[in-house]
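Welcome, and please open the model in your viewer with the selection panel to hand.

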Amino acid sequence: MRAGTCAWNCGRGGSPLRYANAERSMAALRTLRFPSCLAFCRKHVNSITGRSFAKCQARFLSSVTERDGLQVSHNSNTGVVTLSMNKPPVNSLNLEFLQSMHKTLGEIQDDQDCRAVILTSGLTNIFCAGLDITEMYQPDDKRLREFWTSLQDMWIRLYSFPKTTMAAITGHSPAGGALLAMSCDYRVMAENFTIGLNETKLGIVAPTWFIDLYVGILGQRLSELALQTGKLFTSEEALKVGLVDQVVPLNDVIPTVEKELSEWKIPALARGMTKDVLRRIYWRKLQETQDVDTESFVFLIKQEKVQQTLGLYLQSLKNKKK
Ligand SMILES: CCCCCCCC/C=C\CC(=O)SCCNC(=O)CCNC(=O)[C@H](O)C(C)(C)COP(=O)(O)OP(=O)(O)OC[C@H]1O[C@@H](n2cnc3c(N)ncnc32)[C@H](O)[C@@H]1OP(=O)(O)O
């Protein structure tokens, strides 16, 4: 479909498209671009399909797909895609999940009808528990490298994402989970959860590209304290230090993000280029040193002391239930 043309074939906003039949017009509802044409098209659709407008609208204004632990809901009316992580029990980032996020973000990036993404979780009380610790404990060398490269690739894509990204943080968000949230343009968090880079508690080190984001948000002094002690901020503390932009009751998180998005009526090119100017230094730095970064990661993870601490940490998570 050509941009600049009413998806309903009403002829407004550009030269009309010629649809072979009514079914194609119906399918075009999915990619509605000009809501101002609604009144006109209401008549048009009724006349060509004989189906009720309300029925068509309900059916086509939203589409939902679910694949590999990710649910993608596209609201064609607002141009907002909600990307919901749905990998029980805690949305931990393993190799396959990272690859799936990378691929899905790529598809959303290419979707001409999407102007913004809400990153959220479909699980209760958890946004994302960070990297899957089992990927790092007693690892297979080849998979470990692939795992880390997938994290790098996914992060570069998310952090440099040209469209607006907002995190709806509906649960705990430690380490890699905090990275996801920090990589979005705006963060709304539910009350009474925790977020932060707690890597030292696991006997590992947050990589420089995680730290760069933290320092950019918290400043040098607070980052030094928080990183060395592996501090997890409560939602309320996170708001105070600027790690999140709003804290609201759980049920208000998504509506608050949607409202915020509706208020970001900024020319897309200007906003996107500004984001790029601010961010490219960071993601390019990683892009140019990906191999070295991977080798440092593998070296650290394979240290005997690190393996011991990761093993104990995993055990402590399992013992919680006893
Ligand atoms: C020079 C470069 C060097 C680079 C070095 C490495 C840099 C690494 C960068 C990032 C690191 C990380 O992201 S590490 C992960 C950090 N995450 C955490 O510390 C969170 C740990 N989890 C929790 O605190 C809690 O699980 C929770 C608050 C997230 C949820 O609590 P809840 O009570 O709801 O659930 P359970 O604790 O019972 O967990 C259920 C189930 O899930 C397993 N689990 C939890 N988190 C993880 C995880 N991150 N990876 C793998 N598995 C996880 C937990 O063990 C339970 O399993 P079982 O049901 O089998 O017992």
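Predicted model: local features only at pLDDT ≥ 70, side-chain atom pairs only at ≥ 80, totals over all residues.

Numbering runs from 1 along each chain as its sequence is written, and side-chain values use heavy atoms, with hydrogens and water left out.

**Stop 1: the ligand and its shell**

**Stop 2: polar contacts**

Now look for pairs of N or O atoms within 3.5 Å.

- A129: a backbone N or O atom lies 2.9 Å from a ligand nitrogen.
- L131: a polar backbone atom is 2.8 Å from a ligand oxygen.
- Y313: a side-chain N or O atom is 2.6 Å from a ligand oxygen.

Taken alone, the ligand exposes 1,200 Å², and the protein buries 80% of that (Shrake-Rupley method, 1.4 Å probe).

**Stop 3: the pocket**

Where does the ligand sit? Its place is the largest pocket, as more than half of its atoms lie within 2 Å of the grid points. A pocket here is an open set of points on a 1 Å grid over the protein atoms alone, where a 1.4 Å probe fits, with protein on both sides within 12 Å along at least five of seven lines; lining residues have an atom within 4 Å of a point. The volume is about 1,100 Å³, meaning the space filled by probe spheres set on the points, which are joined across faces, edges and corners. Of its 39 lining residues, A129, L131, I133, Y313 and L317 are the closest to the centre. Colour α5, β7, α13 and α14 next: each gives two or more residues to the lining (DSSP runs numbered from the N terminus; helices are H or I, at least four residues, and strands E, at least two).

**Stop 4: a loop**

Finally, select P88 and P89, which are joined by a cis peptide bond with omega about 5 degrees. P89 lies in the loop between β3 (80–85) and α4 (95–110). N91 is also found in the loop between β3 and α4, and its phi is near 55 degrees, a positive value in a residue other than glycine.

How values were computed. Polar contact = N/O pair within 3.5 Å; in protein donor to acceptor, adjacent residues only side chain to side chain.
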